[in-house]
Amino acid sequence: MPSPRYWREKANRFHLEAARCQGCGGVTFPARTICPACRGTEFETLYLSRKGKVVTSTVVHVGPNEFQMEAPYAMAVVETPEGGRLMVQVVDCEPSDVLPGLEVSLEFRLIRREGHGGILCYGHKGVPVG
Amino acid sequence: MAGIVGYGAYIPRNRIKSEEIARQWGKDPQAISRGLLIQEKSVPGLDEDTITISVAAGRGAVARAGIDPALIGALYIGSESHPYAVKPSGTIVSEVLGVTPEVHVADFEFACKAGTEAMFVALGLVESGRVEYAMGIGADTSQGAPNDALEFSASAGGAAYIFGKERLLVEVLDTYSYTTDTPDFWRREGEFYPRHGGRFTGEPAYFKHVLSATRAILDRSGYKASDFRHAIFHMPNGKFPLSAGKQLGFTKEQMAVGWVVPLMGNSYSGSSPTGLAAVLDIADPDDLILITSFGSGAASDSFVLRATDLLPQRVERAATVKSMLEGPRHYLTYGEYAKYREKIILND
(Lines give C-alpha, C1' and ligand atoms only; values in the text may rest on other atoms or scores of the structure.)
Protein backbone atom coordinates (compact mmCIF):
# COMPACT_ATOMS: atom_id res chain seq x y z
CA MET A 1 0.00 0.00 0.00
CA PRO A 2 1.57 3.31 -1.00
CA SER A 3 2.29 5.67 1.88
CA PRO A 4 -0.15 8.41 0.76
CA ARG A 5 -3.08 5.99 0.66
CA TYR A 6 -2.20 4.60 4.07
CA TRP A 7 -1.98 8.16 5.38
CA ARG A 8 -5.39 9.05 3.94
CA GLU A 9 -6.94 6.06 5.71
CA LYS A 10 -5.67 7.08 9.16
CA ALA A 11 -9.11 8.12 10.36
CA ASN A 12 -10.56 4.65 10.03
CA ARG A 13 -7.38 2.66 10.62
CA PHE A 14 -6.31 4.56 13.74
CA HIS A 15 -9.59 5.88 15.13
CA LEU A 16 -12.20 3.49 13.73
CA GLU A 17 -14.04 6.45 12.23
CA ALA A 18 -17.37 5.38 10.75
CA ALA A 19 -20.48 7.12 9.45
CA ARG A 20 -24.15 6.89 10.46
CA CYS A 21 -26.62 7.58 7.66
CA GLN A 22 -29.04 10.37 8.60
CA GLY A 23 -31.66 8.76 6.36
CA CYS A 24 -31.82 5.12 7.51
CA GLY A 25 -29.49 5.14 10.56
CA GLY A 26 -27.23 2.48 9.07
CA VAL A 27 -23.58 2.55 10.14
CA THR A 28 -20.89 2.11 7.52
CA PHE A 29 -17.22 1.45 8.10
CA PRO A 30 -15.18 2.95 6.65
CA ALA A 31 -17.21 6.07 6.09
CA ARG A 32 -18.76 6.43 2.62
CA THR A 33 -20.25 9.30 0.69
CA ILE A 34 -23.35 7.32 -0.36
CA CYS A 35 -25.22 4.99 2.01
CA PRO A 36 -25.16 1.44 0.57
CA ALA A 37 -28.62 0.75 2.07
CA CYS A 38 -30.72 3.83 1.21
CA ARG A 39 -28.45 5.88 -1.07
CA GLY A 40 -28.56 8.72 1.41
CA THR A 41 -25.78 11.30 1.36
CA GLU A 42 -26.11 12.89 4.81
CA PHE A 43 -23.97 11.29 7.48
CA GLU A 44 -23.00 11.76 11.10
CA THR A 45 -19.41 10.85 11.99
CA LEU A 46 -19.00 8.37 14.82
CA TYR A 47 -16.17 6.33 16.27
CA LEU A 48 -16.70 2.61 16.74
CA SER A 49 -16.20 1.07 20.16
CA ARG A 50 -13.09 -1.01 20.43
CA LYS A 51 -15.14 -4.12 21.12
CA GLY A 52 -17.46 -6.34 19.18
CA LYS A 53 -18.64 -9.84 18.32
CA VAL A 54 -17.56 -12.08 15.48
CA VAL A 55 -20.34 -12.38 12.89
CA THR A 56 -18.54 -14.79 10.60
CA SER A 57 -14.98 -15.97 10.16
CA THR A 58 -12.59 -18.04 8.13
CA VAL A 59 -9.08 -19.40 8.52
CA VAL A 60 -6.54 -18.42 5.88
CA HIS A 61 -3.97 -21.13 5.25
CA VAL A 62 -2.40 -19.69 2.10
CA GLY A 63 -2.23 -15.95 2.43
CA PRO A 64 -0.60 -13.21 0.41
CA ASN A 65 3.21 -13.18 0.51
CA GLU A 66 3.34 -10.55 3.25
CA PHE A 67 1.20 -12.68 5.55
CA GLN A 68 2.89 -16.05 4.99
CA MET A 69 4.67 -15.91 8.34
CA GLU A 70 1.33 -15.55 10.08
CA ALA A 71 -0.52 -18.41 8.35
CA PRO A 72 -2.73 -20.02 9.37
CA TYR A 73 -4.58 -16.97 10.66
CA ALA A 74 -8.21 -16.07 11.29
CA MET A 75 -10.08 -13.34 9.46
CA ALA A 76 -13.46 -12.28 10.77
CA VAL A 77 -16.27 -9.83 10.25
CA VAL A 78 -16.77 -8.17 13.62
CA GLU A 79 -19.84 -6.12 14.55
CA THR A 80 -19.48 -3.39 17.14
CA PRO A 81 -22.32 -2.23 19.46
CA GLU A 82 -22.95 0.72 17.11
CA GLY A 83 -23.77 -1.69 14.31
CA GLY A 84 -20.60 -1.06 12.35
CA ARG A 85 -19.00 -4.06 10.74
CA LEU A 86 -15.36 -4.43 9.89
CA MET A 87 -13.15 -7.18 8.53
CA VAL A 88 -10.20 -7.80 10.82
CA GLN A 89 -7.61 -10.39 11.61
CA VAL A 90 -8.25 -12.08 14.98
CA VAL A 91 -5.02 -12.86 16.80
CA ASP A 92 -3.61 -14.09 20.13
CA CYS A 93 -5.67 -17.29 19.91
CA GLU A 94 -6.02 -20.50 17.94
CA PRO A 95 -7.49 -19.53 14.54
CA SER A 96 -9.98 -22.41 14.76
CA ASP A 97 -11.38 -20.90 17.98
CA VAL A 98 -12.57 -17.80 16.12
CA LEU A 99 -16.24 -18.54 15.63
CA PRO A 100 -19.46 -16.49 15.39
CA GLY A 101 -20.38 -14.96 18.74
CA LEU A 102 -16.79 -14.69 20.00
CA GLU A 103 -16.32 -11.41 21.86
CA VAL A 104 -13.24 -9.51 20.83
CA SER A 105 -11.58 -6.23 21.70
CA LEU A 106 -10.09 -4.25 18.85
CA GLU A 107 -6.41 -3.65 19.54
CA PHE A 108 -3.86 -1.58 17.68
CA ARG A 109 -1.40 -3.85 15.88
CA LEU A 110 1.04 -3.93 12.99
CA ILE A 111 -0.92 -5.01 9.91
CA ARG A 112 1.86 -5.32 7.37
CA ARG A 113 5.33 -4.20 6.41
CA GLU A 114 5.84 -2.57 3.05
CA GLY A 115 8.81 -4.78 2.15
CA HIS A 116 12.11 -4.52 4.03
CA GLY A 117 12.55 -0.79 3.62
CA GLY A 118 9.01 0.54 3.29
CA ILE A 119 6.64 1.96 5.82
CA LEU A 120 4.96 -0.03 8.56
CA CYS A 121 1.18 -0.11 8.30
CA TYR A 122 -0.82 -0.25 11.52
CA GLY A 123 -4.48 -0.71 12.28
CA HIS A 124 -6.82 -2.70 14.49
CA LYS A 125 -7.13 -6.44 14.99
CA GLY A 126 -9.49 -8.50 17.10
CA VAL A 127 -8.22 -10.12 20.30
CA PRO A 128 -10.52 -12.49 22.21
CA VAL A 129 -11.76 -10.97 25.46
CA GLY A 130 -10.64 -12.65 28.69
CA MET B 1 2.60 19.57 43.28
CA ALA B 2 2.85 17.47 40.11
CA GLY B 3 2.34 13.76 39.92
CA ILE B 4 0.87 10.84 38.04
CA VAL B 5 -2.74 11.31 36.92
CA GLY B 6 -2.97 8.14 34.87
CA TYR B 7 -0.98 5.02 34.11
CA GLY B 8 -1.27 1.87 32.05
CA ALA B 9 0.80 -1.15 31.17
CA TYR B 10 0.87 -3.83 28.50
CA ILE B 11 2.50 -7.27 28.36
CA PRO B 12 2.13 -9.49 25.25
CA ARG B 13 0.44 -12.86 25.71
CA ASN B 14 3.23 -14.97 24.19
CA ARG B 15 5.68 -16.57 26.61
CA ILE B 16 8.71 -18.81 26.44
CA LYS B 17 10.02 -20.68 29.45
CA SER B 18 13.67 -20.39 30.47
CA GLU B 19 13.96 -24.17 30.36
CA GLU B 20 12.84 -24.22 26.71
CA ILE B 21 15.67 -21.83 25.76
CA ALA B 22 18.16 -23.72 27.94
CA ARG B 23 17.23 -27.04 26.33
CA GLN B 24 17.85 -25.57 22.88
CA TRP B 25 21.45 -24.72 23.75
CA GLY B 26 22.29 -27.76 25.87
CA LYS B 27 22.33 -25.86 29.13
CA ASP B 28 21.04 -27.01 32.50
CA PRO B 29 17.50 -25.55 32.77
CA GLN B 30 17.51 -25.69 36.56
CA ALA B 31 20.86 -23.91 36.82
CA ILE B 32 19.69 -21.17 34.43
CA SER B 33 16.40 -20.63 36.20
CA ARG B 34 18.10 -20.67 39.61
CA GLY B 35 20.88 -18.35 38.46
CA LEU B 36 18.70 -15.70 36.82
CA LEU B 37 15.51 -16.21 38.85
CA ILE B 38 13.51 -16.02 35.63
CA GLN B 39 10.92 -18.72 34.95
CA GLU B 40 9.58 -17.36 31.68
CA LYS B 41 9.55 -14.21 29.60
CA SER B 42 7.09 -12.38 27.39
CA VAL B 43 7.57 -12.47 23.63
CA PRO B 44 6.00 -10.01 21.17
CA GLY B 45 3.74 -11.38 18.46
CA LEU B 46 4.64 -10.81 14.82
CA ASP B 47 2.31 -7.81 14.92
CA GLU B 48 3.53 -6.29 18.17
CA ASP B 49 6.30 -3.75 18.55
CA THR B 50 7.21 -0.73 20.65
CA ILE B 51 4.51 1.33 18.93
CA THR B 52 1.66 -1.12 19.54
CA ILE B 53 2.79 -1.73 23.13
CA SER B 54 2.94 2.04 23.72
CA VAL B 55 -0.57 2.49 22.33
CA ALA B 56 -1.97 -0.28 24.54
CA ALA B 57 -0.28 1.11 27.65
CA GLY B 58 -1.16 4.69 26.69
CA ARG B 59 -4.85 3.82 26.27
CA GLY B 60 -4.83 2.42 29.80
CA ALA B 61 -3.21 5.59 31.10
CA VAL B 62 -5.80 7.82 29.39
CA ALA B 63 -8.63 5.66 30.76
CA ARG B 64 -7.33 5.90 34.32
CA ALA B 65 -6.66 9.63 34.01
CA GLY B 66 -10.14 10.31 32.62
CA ILE B 67 -8.87 13.34 30.72
CA ASP B 68 -9.32 14.53 27.17
CA PRO B 69 -6.13 13.21 25.50
CA ALA B 70 -5.98 16.38 23.41
CA LEU B 71 -4.86 18.18 26.59
CA ILE B 72 -1.61 16.19 26.66
CA GLY B 73 1.00 18.70 25.57
CA ALA B 74 4.03 16.41 25.40
CA LEU B 75 4.51 12.71 24.66
CA TYR B 76 7.84 10.91 24.94
CA ILE B 77 8.61 7.26 24.29
CA GLY B 78 11.74 5.66 25.67
CA SER B 79 12.85 2.48 23.92
CA GLU B 80 15.84 0.78 22.37
CA SER B 81 13.63 -1.00 19.86
CA HIS B 82 11.86 1.80 18.04
CA PRO B 83 10.56 0.15 14.83
CA TYR B 84 11.95 2.91 12.63
CA ALA B 85 15.56 4.13 12.62
CA VAL B 86 14.30 7.41 11.19
CA LYS B 87 10.66 8.30 11.90
CA PRO B 88 9.34 8.72 15.40
CA SER B 89 7.30 6.10 17.21
CA GLY B 90 5.75 8.98 19.10
CA THR B 91 3.92 10.48 16.13
CA ILE B 92 2.00 7.27 15.51
CA VAL B 93 1.24 6.74 19.19
CA SER B 94 0.15 10.37 19.61
CA GLU B 95 -2.12 10.15 16.60
CA VAL B 96 -3.80 6.94 17.75
CA LEU B 97 -4.29 8.21 21.29
CA GLY B 98 -5.88 11.42 20.01
CA VAL B 99 -3.13 13.66 21.32
CA THR B 100 -2.15 15.34 18.05
CA PRO B 101 -1.58 17.94 16.69
CA GLU B 102 -0.78 20.35 19.55
CA VAL B 103 1.84 18.21 21.24
CA HIS B 104 5.61 18.05 21.57
CA VAL B 105 6.80 14.54 20.68
CA ALA B 106 10.16 12.81 20.86
CA ASP B 107 11.61 9.31 20.97
CA PHE B 108 14.21 8.70 23.66
CA GLU B 109 16.93 6.08 23.85
CA PHE B 110 19.05 5.27 26.88
CA ALA B 111 19.24 1.47 27.00
CA CYS B 112 16.93 0.25 29.77
CA LYS B 113 16.52 3.70 31.33
CA ALA B 114 14.77 5.36 28.41
CA GLY B 115 11.34 4.83 29.95
CA THR B 116 12.03 6.66 33.20
CA GLU B 117 13.92 9.23 31.15
CA ALA B 118 10.70 9.95 29.25
CA MET B 119 8.81 10.10 32.56
CA PHE B 120 11.43 12.42 34.05
CA VAL B 121 11.18 14.92 31.19
CA ALA B 122 7.37 14.72 31.06
CA LEU B 123 7.21 15.47 34.78
CA GLY B 124 9.59 18.41 34.39
CA LEU B 125 7.46 20.01 31.68
CA VAL B 126 4.36 19.72 33.84
CA GLU B 127 6.15 21.10 36.91
CA SER B 128 7.41 24.05 34.89
CA GLY B 129 3.89 24.89 33.77
CA ARG B 130 4.84 24.57 30.11
CA VAL B 131 2.16 21.93 29.50
CA GLU B 132 -0.93 20.86 31.44
CA TYR B 133 -0.37 17.13 30.95
CA ALA B 134 2.56 15.12 29.61
CA MET B 135 2.93 11.42 28.90
CA GLY B 136 6.11 9.40 29.39
CA ILE B 137 6.23 5.84 28.04
CA GLY B 138 8.79 3.07 28.43
CA ALA B 139 8.35 0.16 26.01
CA ASP B 140 10.55 -2.39 24.30
CA THR B 141 10.62 -5.57 22.28
CA SER B 142 14.16 -6.26 23.36
CA GLN B 143 16.48 -8.65 21.56
CA GLY B 144 19.07 -10.99 23.00
CA ALA B 145 21.50 -12.84 20.76
CA PRO B 146 20.90 -16.60 20.44
CA ASN B 147 22.79 -18.59 23.10
CA ASP B 148 23.68 -15.40 24.96
CA ALA B 149 22.74 -14.85 28.60
CA LEU B 150 20.46 -12.03 27.46
CA GLU B 151 18.31 -14.44 25.50
CA PHE B 152 16.88 -15.76 28.76
CA SER B 153 15.75 -12.32 29.89
CA ALA B 154 15.15 -9.97 26.92
CA SER B 155 11.37 -9.63 26.73
CA ALA B 156 8.58 -7.30 25.63
CA GLY B 157 6.22 -4.93 27.40
CA GLY B 158 5.85 -1.40 28.62
CA ALA B 159 4.05 1.16 30.70
CA ALA B 160 2.77 4.70 30.18
CA TYR B 161 2.41 7.51 32.71
CA ILE B 162 0.51 10.77 32.38
CA PHE B 163 1.74 13.58 34.59
CA GLY B 164 -0.36 16.54 35.69
CA LYS B 165 -1.02 18.81 38.63
CA GLU B 166 -4.64 18.06 39.53
CA ARG B 167 -6.54 14.92 40.54
CA LEU B 168 -3.31 13.08 41.22
CA LEU B 169 -3.21 9.33 41.66
CA VAL B 170 0.37 9.53 42.83
CA GLU B 171 2.38 12.49 44.09
CA VAL B 172 5.99 12.80 42.93
CA LEU B 173 7.87 13.92 46.05
CA ASP B 174 11.39 13.91 44.62
CA THR B 175 13.54 12.81 41.69
CA TYR B 176 17.24 12.22 41.23
CA SER B 177 19.49 11.10 38.36
CA TYR B 178 22.98 9.62 38.56
CA THR B 179 24.95 9.34 35.30
CA THR B 180 28.48 8.35 34.26
CA ASP B 181 30.02 7.11 31.02
CA THR B 182 30.25 3.33 31.48
CA PRO B 183 30.48 1.02 28.42
CA ASP B 184 28.75 -2.01 29.95
CA PHE B 185 26.20 -2.76 27.20
CA TRP B 186 25.76 -1.37 23.72
CA ARG B 187 24.47 -1.93 20.20
CA ARG B 188 26.32 -0.27 17.35
CA GLU B 189 24.41 1.25 14.43
CA GLY B 190 23.23 -1.49 12.06
CA GLU B 191 23.88 -4.33 14.51
CA PHE B 192 20.91 -6.60 15.20
CA TYR B 193 21.82 -7.77 18.69
CA PRO B 194 23.27 -5.82 21.62
CA ARG B 195 26.58 -6.79 23.20
CA HIS B 196 27.61 -6.55 26.80
CA GLY B 197 30.61 -6.68 29.06
CA GLY B 198 29.59 -9.85 30.92
CA ARG B 199 30.35 -9.48 34.62
CA PHE B 200 31.32 -5.84 33.99
CA THR B 201 27.58 -5.12 33.74
CA GLY B 202 27.30 -5.84 37.47
CA GLU B 203 29.36 -3.94 40.03
CA PRO B 204 30.68 -0.96 38.01
CA ALA B 205 27.48 -0.54 36.04
CA TYR B 206 24.16 -1.73 37.52
CA PHE B 207 25.06 -1.71 41.20
CA LYS B 208 27.13 1.47 41.18
CA HIS B 209 24.36 3.51 39.54
CA VAL B 210 21.35 1.95 41.23
CA LEU B 211 22.92 2.17 44.68
CA SER B 212 24.29 5.69 44.15
CA ALA B 213 21.01 7.09 42.82
CA THR B 214 18.91 5.46 45.53
CA ARG B 215 21.22 6.49 48.37
CA ALA B 216 21.26 10.06 47.07
CA ILE B 217 17.49 10.37 46.78
CA LEU B 218 17.00 8.87 50.23
CA ASP B 219 19.54 11.31 51.62
CA ARG B 220 18.04 14.41 50.00
CA SER B 221 14.40 13.45 50.62
CA GLY B 222 15.04 12.54 54.24
CA TYR B 223 13.39 9.11 53.97
CA LYS B 224 14.91 5.81 55.00
CA ALA B 225 14.33 2.41 53.39
CA SER B 226 11.91 1.28 56.09
CA ASP B 227 9.60 4.25 55.35
CA PHE B 228 8.60 2.75 51.99
CA ARG B 229 5.79 0.27 51.44
CA HIS B 230 7.10 -0.67 47.98
CA ALA B 231 10.39 -0.42 46.10
CA ILE B 232 11.14 -1.16 42.46
CA PHE B 233 14.61 -1.52 41.02
CA HIS B 234 15.41 -2.17 37.36
CA MET B 235 15.21 -5.88 36.64
CA PRO B 236 17.83 -7.13 34.14
CA ASN B 237 17.38 -10.49 35.88
CA GLY B 238 15.82 -11.64 39.10
CA LYS B 239 18.92 -11.47 41.27
CA PHE B 240 20.28 -7.96 40.66
CA PRO B 241 17.31 -5.99 42.00
CA LEU B 242 16.98 -8.19 45.09
CA SER B 243 20.68 -7.82 45.80
CA ALA B 244 20.62 -4.05 45.26
CA GLY B 245 17.55 -3.67 47.44
CA LYS B 246 19.09 -5.74 50.21
CA GLN B 247 22.26 -3.63 50.16
CA LEU B 248 20.08 -0.53 50.47
CA GLY B 249 18.14 -1.91 53.43
CA PHE B 250 14.92 -2.94 51.67
CA THR B 251 13.22 -6.22 52.50
CA LYS B 252 11.93 -8.82 50.04
CA GLU B 253 8.40 -7.91 51.08
CA GLN B 254 8.93 -4.29 50.01
CA MET B 255 10.19 -5.45 46.60
CA ALA B 256 7.80 -8.36 46.02
CA VAL B 257 4.99 -6.64 44.10
CA GLY B 258 7.16 -4.70 41.68
CA TRP B 259 9.51 -7.64 41.11
CA VAL B 260 7.77 -8.79 37.91
CA VAL B 261 10.84 -10.18 36.19
CA PRO B 262 10.38 -13.89 37.09
CA LEU B 263 7.21 -14.07 34.97
CA MET B 264 7.93 -11.55 32.21
CA GLY B 265 11.70 -11.16 31.88
CA ASN B 266 13.45 -7.85 31.30
CA SER B 267 11.43 -5.58 29.06
CA TYR B 268 14.32 -3.10 29.04
CA SER B 269 12.84 0.43 28.92
CA GLY B 270 9.55 -1.08 30.10
CA SER B 271 11.04 -3.01 33.01
CA SER B 272 10.94 -0.74 36.07
CA PRO B 273 7.94 1.26 34.71
CA THR B 274 5.96 -2.01 34.46
CA GLY B 275 7.08 -2.94 37.97
CA LEU B 276 5.79 0.44 39.15
CA ALA B 277 2.46 -0.17 37.41
CA ALA B 278 2.15 -3.50 39.24
CA VAL B 279 2.68 -1.64 42.52
CA LEU B 280 0.16 1.11 41.70
CA ASP B 281 -2.40 -1.59 40.90
CA ILE B 282 -2.46 -2.64 44.57
CA ALA B 283 -1.09 0.38 46.46
CA ASP B 284 -3.07 1.91 49.33
CA PRO B 285 -3.46 5.65 49.90
CA ASP B 286 -0.36 7.24 51.51
CA ASP B 287 1.90 4.32 50.56
CA LEU B 288 5.41 5.58 49.90
CA ILE B 289 6.95 4.06 46.76
CA LEU B 290 10.53 4.18 45.51
CA ILE B 291 11.55 3.39 41.95
CA THR B 292 15.10 3.36 40.61
CA SER B 293 15.73 2.51 36.98
CA PHE B 294 19.01 1.63 35.33
CA GLY B 295 20.17 2.11 31.78
CA SER B 296 23.47 0.87 30.47
CA GLY B 297 25.87 3.47 29.31
CA ALA B 298 25.06 4.23 32.20
CA ALA B 299 22.62 5.96 34.55
CA SER B 300 19.82 5.56 37.05
CA ASP B 301 16.73 7.69 37.65
CA SER B 302 15.09 7.58 41.07
CA PHE B 303 11.61 8.75 42.03
CA VAL B 304 10.01 8.99 45.46
CA LEU B 305 6.24 8.67 45.11
CA ARG B 306 3.23 8.70 47.42
CA ALA B 307 -0.14 7.18 46.51
CA THR B 308 -3.24 9.33 46.97
CA ASP B 309 -6.81 8.45 47.99
CA LEU B 310 -7.82 8.59 44.32
CA LEU B 311 -5.48 5.82 43.14
CA PRO B 312 -7.49 2.76 44.26
CA GLN B 313 -10.63 4.22 42.66
CA ARG B 314 -8.99 4.37 39.22
CA VAL B 315 -7.21 1.01 39.09
CA GLU B 316 -10.11 -0.94 37.58
CA ARG B 317 -10.41 1.40 34.60
CA ALA B 318 -7.68 -0.54 32.77
CA ALA B 319 -6.01 -3.94 32.80
CA THR B 320 -3.76 -4.65 35.77
CA VAL B 321 -0.25 -6.01 35.42
CA LYS B 322 -1.25 -9.11 37.38
CA SER B 323 -4.12 -9.81 34.97
CA MET B 324 -1.66 -9.76 32.09
CA LEU B 325 1.03 -11.79 33.88
CA GLU B 326 -1.41 -14.46 35.00
CA GLY B 327 -4.09 -14.12 32.30
CA PRO B 328 -4.28 -15.89 28.92
CA ARG B 329 -0.81 -16.91 27.78
CA HIS B 330 0.51 -18.79 24.77
CA TYR B 331 3.68 -20.79 25.35
CA LEU B 332 6.09 -21.00 22.45
CA THR B 333 8.58 -23.65 21.44
CA TYR B 334 12.07 -22.36 20.66
CA GLY B 335 11.31 -22.79 16.96
CA GLU B 336 8.20 -20.62 17.22
CA TYR B 337 10.15 -18.13 19.32
CA ALA B 338 12.87 -17.93 16.66
CA LYS B 339 10.19 -17.23 14.05
CA TYR B 340 8.42 -14.62 16.18
CA ARG B 341 11.69 -12.81 16.95
CA GLU B 342 12.73 -13.01 13.29
CA LYS B 343 15.89 -14.92 14.03
CA ILE B 344 15.42 -17.10 10.94
CA ILE B 345 16.86 -15.92 7.64
CA LEU B 346 14.30 -16.09 4.83
CA ASN B 347 14.43 -15.44 1.12
CA ASP B 348 12.66 -12.29 -0.04
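Tutor: Let's begin with Y76(B), which stands opposite A106(B) in β5(B). This is a predicted model, in which local features need pLDDT of at least 70 and side-chain atom pairs count only at pLDDT 80 or more, while totals for chains, interfaces and linings use all residues. Residues are numbered from 1 along each chain as its sequence is written, and chains are lettered from A and ligands numbered from 1 in the order in which they are written.

Student: What makes β4(B) and β5(B) a pair?

Tutor: Two strands pair if DSSP finds at least two bridges between them. β4(B) and β5(B) have five, in the parallel sense, so they meet that cut-off. The names come from DSSP runs, numbered from the N terminus: helices are H or I of at least four residues, strands E of at least two.

Student: Why is the crossover from β4(B) through α4(B) to β5(B) called right-handed?

Tutor: The word applies if, with the strands pointing away from the viewer, the path from the first strand over the helix to the second runs clockwise. The β-α-β path through α4(B) is right-handed, so it runs clockwise in that view.

Student: What makes α4(B) largely enclosed?

Tutor: Eight of its nine residues (89-97) are buried, so the rest of the structure largely encloses α4(B). Buried means that 20 or more other C-beta atoms lie within 10 Å of a residue's own, with C-beta atoms placed from the backbone. Among the buried ones are I92(B), V93(B) and L97(B).

Student: Which elements do the buried residues of α4(B) pack against?

Tutor: In chain A they are α2, β7 and β8, and in chain B they are α3 (50-65), β4 (72-78) and β5. Contact means C-beta atoms, placed from the backbone, within 7 Å. Across the two chains, 13 residues of chain A are in contact with 15 of chain B. The largest share of chain A's side, four residues, comes from β7(A).

Student: Why are β5(B) and β11(B) said to stand at the edges?

Tutor: The open sheet has nine strands in the order β5-β4-β6-β7-β1-β8-β13-β12-β11 (chain B), with mixed pairing. β5 (104-108) and β11 (230-233) each have a single partner strand, so one side of each lacks a neighbour in the sheet.

Terms used. A residue is buried if 20 or more other C-beta atoms lie within 10 Å of its own, exposed if 12 or fewer, and partly exposed in between; C-beta atoms are placed from the backbone.
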